[in-house]
Every structure is written in C-alpha cells, then in structure tokens.
Amino acid sequence: MCETGDFLARDRALDLREGDLLAVMAAGAYGMSMSSNYNTRPRAAEVMVDGGEMHLIREREAVSELMAREMLLP
C-alpha cells in the first residue's frame, strides 16, 4: 500500500492460502489505470470475471520486462 491510511481487510483475518484467488472489486488509484512500477514492482495481472467464468485480459508483468528498456551508461 502507498499511504498510511490505505488498508486491505483491516482488523479481519483472511483465510487465504497459496494458490487462492482474491477478488478486489474496486481498487481506486491501485487499479491499472493509475498503476505504476514504483520501486520496480511489476503490475499485477488483470482478470475479467463474467458470471462464473474468468478471463485473463492482461498478464502479470515480469521484472525482466521492466528492465528490458534500461541501458547502462558508457
């Protein structure tokens, strides 16, 4: 999270395990439209949910993709 007032599931225990999926229905500035790679953090994948079906609409970025356009100084 970015600001001290931002939180996810404050004062709640989330029963999540590796491999579980968590749907965040509204992310405000944390959504793709305002996302960034601050501190070299890859953006998350985007999934569209249509009824009982899920569709990957944007793959998760890899750190190697973030660095691909970087150049060393001579």
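**Salt bridges in a predicted model**

The structure holds three salt bridges, a salt bridge being a side-chain nitrogen of Lys or Arg within 4 Å of a carboxyl oxygen of Asp or Glu. This is a predicted model, in which local features need pLDDT of at least 70 and side-chain atom pairs count only at pLDDT 80 or more, while totals for chains, interfaces and linings use all residues. Residues are numbered from 1 along each chain as its sequence is written, and side-chain values use heavy atoms, with hydrogens and water left out.

Colleague: Which residue forms a salt bridge with arginine 43?

Modeller: Side chains of opposite charge can pair when their charged atoms come close. For arginine 43 the closest N and O atoms of the pair are 3.3 Å apart, and the partner is glutamate 61.

Colleague: How many residues apart in sequence are the parts that arginine 43 and glutamate 61 tie together?

Modeller: Arginine 43 lies in the segment before strand E1 (46-50). Glutamate 61 lies in the loop between strand E2 (53-58) and helix H1 (63-67); helices (H or I, at least four residues) and strands (E, at least two) are DSSP runs, numbered from the N terminus. The pair therefore ties together parts whose separation in sequence is 18 residues.

Colleague: Is aspartate 15 buried or exposed?

Modeller: Buried means under 20% relative accessible area, exposed over 50%, and partly exposed in between (1.4 Å probe, protein chains only). Aspartate 15 has a relative accessible area of 58%, so aspartate 15 is exposed.

Colleague: In which strand does the salt-bridge partner of arginine 58 lie?

Modeller: The side chain of arginine 58 meets that of glutamate 46 at 2.8 Å, N to O. Arginine 58 lies in strand E2, and glutamate 46 in strand E1.
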